[in-house]
Amino acid sequence: MTTNALDPTAIQARSAEFPASAINSTYRKVTLRLIPFLFICYVAAYLDRINVGFAQLQMQSALGFSDAVYGLGAGIFFAGYFLFEVPSNLLLEKIGARKTLVRIMILWGMTSASMLFITSPTVFYFLRFMLGVFEAGFFPGMIFYFTYWYPANRRARVMALFLTAVAMAGVVGGPVSGWAIARLSGVGGLAGWQWLFLMEGLPSCVLGVIAFFYLDDTPESASWLSGDEKAIIRQQLHADAASGPLFRDHSFGKAMRAPRVYAMAFSWFTFICGVYAISFWLPALIKGAGVSDPFAIGMYSMIPYGAAVVTMIVISRHSDATSERRWHTALCALIGAGGLIAIPFTGTDLKLALFVLSVGTAVIFTLQPLFWAIATDYLGGTPAAAGTIALINSLGLTGGFVSPSILGWVKTATGSLTNGLYVIAALLVVGAILTLRFRRQ
């Protein structure tokens with residue numbers, strides 16, 4: 001049986017011809033084609049975003065930067081990201097995922113590698129800002145891209161697989177970054193932190209070129225799908241549209257005026273504050289537990305990030321299986337807040353510190369796929385979705401600026417991260433309460 005393009009009515013009429021085994025087989029094929037490559041791309045992206053946390057171990061003293069300078073430089077990335085994210089996602093809707101990924105990945109890879117030329121706070125701020133400008137649109141673009149392929153009841157587990165790249169960047173990046181700092185210092189006249197930026201920036205450029213030849217903008221243009229497989233995907237997505245996403249008939253302009261969009265954005269802001277409290281300060285927190293060797297810090301950092309990989313997949317699968325999002329998300333936020341509060345009490349007990357950091361990191365990182373499952377359940381693949389997803393993400397990602405800046409300022413002023421961690425924990429509690437108020441309709 002072959003299937004040509006079908007209108008929604010014909011798809012519904014023939015949906016009975018697609019048994020569950022065929023549907024599952026089709027989505028296994030889609031997942032095996034898309035997720036591993038996009039996963040690798042996001043590992044590269046996130047590593048280029050957070051490797052400054054490891055570079056800090058050597059760069060900060062070498063260049064005479066204070067904790068406040070480091071915190072502002074780490075966070076200013078999100079100012080550029082905020083300004084250019086919505087335009088980037090709207091452009092993706094017009095030109096497609098392939099061209100968007102080529103532009104984004106090559107430019108951010110070149111900028112990340114160029115950070116080896118940092119000599120002053122001004123250069124540091126400028127390059128971090130431009131990194132945000134060039135990377136803007138990648139994450140929300142991929143979230144929107146998934147709505148072209150997956151129905152709502154499959155998105156949490158798929159986004160969990162994709163977003164484990166965030167944790168995997170820590171698993172892989174920790175040892176690699178620690179090794180570069182400790183072992184390459186002085187090679188070719190470059191410091192270890194300079195080699196770190198060079199080694200972790202250039203692969204993104206290569207992946208950008210590969211993306212152009214490997215990705216397809218929509219299922220309809222995918223030559224590796226059969227006619228029946230394309231029909232199955234259309235039928236699944238049409239069933240989603242028929243169930244009525246929140247902004248089914250709304251333009252992006254109308255979505256911008258919807259209070260619920262800003263409620264979701266603020267909830268995402270609180271979660272992002274927690275994510276980047278971990279991402280930018282985990283090496284410093286491990287160092288505070290009595291570990292001084294950069295390579296050892298990198299190896300120990302694998303433990304919290306490894307725990308996050310497991311929980312992101314397991315909890316997201318459970319959320320899909322039970323069709324419950326809000327309590328899964330809220331409980332992760334509350335446990336994460338407790339973890340941040342407990343960190344200062346671990347002192348120099350390395351085992352206890354790693355346990356607390358692992359629990360906190362695992363649940364805080366799991367907030368990401370759970371939240372975006374909620375958001376895409378609301379929005380689906382509607383006309384408003386591309387811009388609205390980008391709007392929610394760009395507003396929420398200001399937490400990536402606020403969180404490291406607060407922690408850097410607090411550490412400079414008090415010599416300790418404790419009070420800053422309490423602030424981030426309080427924000428996570430607010431995010432949990434707000435999430436419990438979400439309803440699909």
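A residue is called buried when its relative accessible area is under 20%, exposed when it is over 50%, and partly exposed in between (1.4 Å probe, protein chains only). The model is predicted, and local features need pLDDT of at least 70, side-chain atom pairs count only at pLDDT 80 or more, and totals for chains, interfaces and linings use all residues. Residues are numbered from 1 along each chain as its sequence is written, and side-chain values use heavy atoms, with hydrogens and water left out. Helices (H or I, at least four residues) and strands (E, at least two) are DSSP runs, numbered from the N terminus.

Salt bridges were searched for across the whole structure, and three were found. The term refers to a side-chain nitrogen of Lys or Arg within 4 Å of a carboxyl oxygen of Asp or Glu. Side chains of opposite charge can pair when their charged atoms come close. Glu-229 is buried, at 14% relative accessibility, whereas Lys-29 is partly exposed, at 32%.

Another salt bridge is formed by the side chains of Glu-220 and Arg-234 (2.4 Å, N to O). Glu-220 sits in the loop between helix H9 (192-214) and H10, and Arg-234 sits in helix H10; the two are 14 residues apart, and the pair links distant parts of the chain. Glu-220 is partly exposed, with a relative accessibility of 38%, while Arg-234 is buried, with a value of 14%. Asp-320 and Arg-325 also meet through their side chains in a salt bridge, at 2.7 Å from N to O. Here Asp-320 is buried, at 7% relative accessible area, and Arg-325 is buried, at 10%.

Ser-323 lies in the loop between H13 and helix H14 (326-342). Most residues other than glycine have a negative phi. Ser-323 is not a glycine, yet its phi is positive, at about 55 degrees. Ser-323 is exposed, with 64% relative accessible area.

Helix H13 (residues 294-322) also packs with helix H8 (residues 152-183): the two axes come within 8 Å and cross at roughly 175 degrees. Axes are lines fitted to C-alpha atoms, for helices over the stretch in contact, and angles run from 0 to 180 degrees between N-to-C directions. Angles under 35 degrees count as roughly parallel, over 145 as roughly antiparallel, 65 to 115 as roughly perpendicular and the rest as oblique. H8 and H13 are therefore roughly antiparallel to each other. The contact of H8 with H13 is made up of 20 nonpolar, nine polar and six charged residues. In this division, Ala, Val, Leu, Ile, Met, Phe, Trp, Tyr, Cys and Pro are nonpolar, Asp, Glu, Lys and Arg are charged, and the others, Gly among them, are polar.

Helix H7 (residues 138-146) is largely enclosed by the rest of the structure, because nine of its nine residues are buried. Among them are Phe-138, Phe-139, Phe-144 and Phe-146.

The structure holds one cavity of 30 Å³ or more, and the largest cavity has a volume of about 50 Å³. Its lining includes Tyr-42, Arg-49, Phe-139 and Trp-268. H12 supplies the largest share of this lining, three residues. By class, seven residues of the cavity lining are nonpolar, two polar and one charged.

The largest pocket contains about 440 Å³ of space. It is lined by 22 residues, of which Ala-284, Leu-285, Gly-288, Lys-411 and Leu-417 are the closest to its centre. Helix H3 (52-63), helix H12 (259-288), helix H15 (350-379) and helix H18 (418-435) each contribute at least two residues to the pocket lining. This lining consists of ten nonpolar, nine polar and three charged residues. Leu-285 is part of helix H12 and is buried, at 13% relative accessibility.

Terms used
On a 1 Å grid over the protein atoms alone, a cavity is a set of points where a 1.4 Å probe fits but cannot get out, and a pocket is an open set with protein on both sides within 12 Å along at least five of seven lines; lining residues have an atom within 4 Å of a point. Grid points are joined across faces, edges and corners, and a volume is the space filled by probe spheres set on the points.
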